[in-house]
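The exercises below are to be worked with the sequence and the coordinates side by side.

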Amino acid sequence: MTLTADRLLLFGATGDLSQRMLLPSLCALDADGLLEPDLKIVGTARSEMSTKEFRDFAREALEKYLPDHRRGGVAEFLNRLSYVPVDATTLEGYDELAREVGEYVKGLAIFLSTAPSLFEATIDGLVHAGLTKGNVRIGLEKPLGIDLSSSEEINDAVAKAFSEDRIFRIDHYLGKETVQNLLALRFANILLEPVWNSNYIDHVQITVAETVGLESRVAYYDDSGALRDMVQNHMLQLLALVAMEPPTSFGSTAVRDEKVKVLRALRPVAADETVTGQYRAGAVNGSPVPGYDEELGRDSDTETFVALKAHVDNWRWKGVPFYLRTGKRLPERVTEIVVQFRCVPHSIFEGRGATTQPNRLVIGIQPEENVQLSMMAKVPGLDREGIRLRQIPLDIAMPDAFSGTVRRIAYERLLLDLIEGDQTLFVRRDEIEAQWEWIDAIRQLWADKGIKPKTYGAGSWGPNAAIALAERDGVSWHDE
Ligand code: BG6
C-alpha cells in the first residue's frame, strides 16, 4: 500500500524532537523536492502560539539544527506550516484543529511525539474531530509504555481508532542507513548467509555507547533507565536484524514476521547474565563531568549502563551468546555490531609456528559507518624462521564507497515512509510486546535478586563486572 498524504499533523510540534529532528528533516526533504507540493503541515502542542509565531519558532530550530549545506528552501518550507494550540487532555481545540487540517484528498499522516500519558486522550480527540476517517495513518514516537501492560494499554487505545496497518511505531534506529544496510549485507550477498549460524559464529556483540549524560531529560530518564531507554527498543531491533531468518521479500509483513520470531525466541536472562551500572564523576573526552547522582540532585537506583548476555533459542543460534551493552558517559560514542567467527577447524600453519585468529566482522553503525572484516594473511618474507600470519582488515567505509550521495538522518526516511504509508521500517505490535515481555522479566529479576547498579567512573567502559561478564566466557569486548 503506497498512499501518499496531503496533510501532516504534528503533535508535540514545539517539543525537543520536533526542533532537533522533525522540522529539520521535513525541511531537508522539501528542499530536495521529496514532499508533495500540496502537503500542508499542521503543528500542534499545548503552547499558545499563532501560525506566525510557530513559523518563527521553526525558523529558529532550522537555523540551529539544519546543517549549513542543507539550508536551502527554508522560506518555502515555512509556508507549508500552520499551528493550532490544543490541550490534548480536553476535547476542546480538536474541532479547530480539524478545521485547520481541512479536507485531505489523498490522506492524513499524524505524528504523535507527546508524553505517552496523553496518547489515549489524543486518540479520543482525533476521533471526536473526525480526524481518524479515511486514509489516515498515525506515527507513534517512543516511549510506548514502561512495561508490557502499559504498552498494551497504549496499543489498545490506538487500536480503537486505527487498524494495525495504519499504526507506525517509530524506532529511529530503523531509519538509520547503516541499520538498513545490515539487511543488504546479510541478504544481498551470498557469502555471509551460509556461515551466519552457530556452526561458524562464536558470539555476537552489540554495543551502543554514548558520551552524553542525563542532558535535560531528568524526569524521563530517571523513571526509565538504560534497559528501557535503549535495550527494549533500539538494541533489540539490532539484535533481531542480526539474528532473523531471511525474509521472503523486503516487505513490511515478511520482514516483521521474521524479526518477531527472534524476539520471541529470546531466553529469559539469568542473574549472572546481567550487569547494571550508574556513572559517577569522571572525565569524558578530557573534560570533567559530574556523576549521575550529582546531575539528578539525589540518590537513585536507575541504571545508566547495562550489559547482558542474551541467547536466541532456535536452531540457528544454539549456543551463540549475544553480548549487549549500552551506557551513558562511556569513553566514546559508538554503535557497532561485532560478529566473531570461530577458528578454522584445523590450522595447517601450526607446525610452522604460526597461529591463526578467527575472522571478525565489525559493522559500524555510528559515528563510523563502515564494514570491516578481519582476515588472516601471510606477512611477506622468506619464512626461514617460520611462517608469520597477521590479521588484516578488509575495510569498507560507506561514506567513501557512496561519496556523492546524500547522507540522510533517520527521521527523514521515517517521516517520508509515514507520509507515503510504507510500514517496513516501523515496529509492529507483536514485536514491541515481545520486546517488553523479555525486558519485564529482566526488571523482575533485578527486583527479586535485589540487583542494584554498580558505580562506574564517567569515561570508563562501565563497571568491572561488565568486563567480567564477557571474560568469564573467554570473550573480550571490542573496545579498540
Ligand atoms: C533515544 C534515547 O531513543 O536514543 C536517548 O532516549 C539516546 O537516551 C538516543 O541518547 C540515542 O540515539 P542516537 O541516534 O543518537 O544513537
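**Exercise 1.** Over the face of which residue does Lys176 lie, and at what distance from the ring centre?

*Solution.* The model is a predicted one, so the geometry is that of a prediction. In it, Lys176 is placed over the face of Tyr173, at 4.6 Å from the ring centre.

**Exercise 2.** Locate Glu210 and Lys328 in the secondary structure, and describe how their side chains are joined.

*Solution.* Begin with Glu210, which is found in the loop between strand 7 (201-209) and helix 8 (218-243). Lys328, in turn, belongs to the loop between strand 12 (322-327) and strand 13 (334-341). The side chains of these two residues are joined by a polar contact of 2.8 Å.

Next, consider the surroundings, leaving aside neighbours within four places in sequence. Glu210 is in contact with several residues, among them Met230, Lys328, Arg329 and Arg333, while Lys328 touches residues including Glu210, Asp229, Tyr221, Tyr279 and Tyr456.

**Exercise 3.** Is Lys328 buried or exposed?

*Solution.* The relative accessible area of Lys328 is 4%. Because buried means under 20% relative accessible area, Lys328 is classed as buried.

**Exercise 4.** Which residues form one aromatic cluster with Tyr292, and how are the rings of Tyr221 and Tyr279 set against that of Tyr292?

*Solution.* First, the membership: Tyr221, Tyr279, Tyr292, Phe305 and Tyr456 form one aromatic cluster. The model has ten aromatic pairs by the pairing rule. For Tyr221 and Tyr292, the ring centres are 6.3 Å apart and the planes stand at 65°, so the pair is edge-to-face. This pair links distant parts of the chain, with Tyr221 in helix 8 and Tyr292 in helix 10 (residues 292-296), 71 residues apart.

Then take Tyr279 and Tyr292, whose ring centres are 5.8 Å apart and whose planes stand at 85°, so this pair is edge-to-face as well. Here Tyr279 lies in strand 8 (residues 274-280) and Tyr292 in helix 10, 13 residues apart.

Finally, examine accessibility: Tyr221 and Tyr292 are both buried, the relative accessible area of Tyr292 being 0%, and Tyr279 counts as buried at 1%.

How values were computed: Residues numbered from 1 in each chain as written. Predicted model: local features only at pLDDT ≥ 70, side-chain atom pairs only at ≥ 80, totals over all residues. Heavy atoms only, no water. Helix = DSSP H or I, 4+ residues; strand = E, 2+ residues; numbered from the N terminus. Contact = heavy atoms within 4.5 Å. Polar contact = N/O pair within 3.5 Å; in protein donor to acceptor, adjacent residues only side chain to side chain. Buried < 20%, exposed > 50% of the residue type's maximum accessible area, 1.4 Å probe, protein only. Phe/Tyr/Trp six-rings, centres within 6.5 Å; stacked < 30°, edge-to-face > 60°. Lys NZ or Arg CZ within 6 Å of the ring centre and 35° of its normal.
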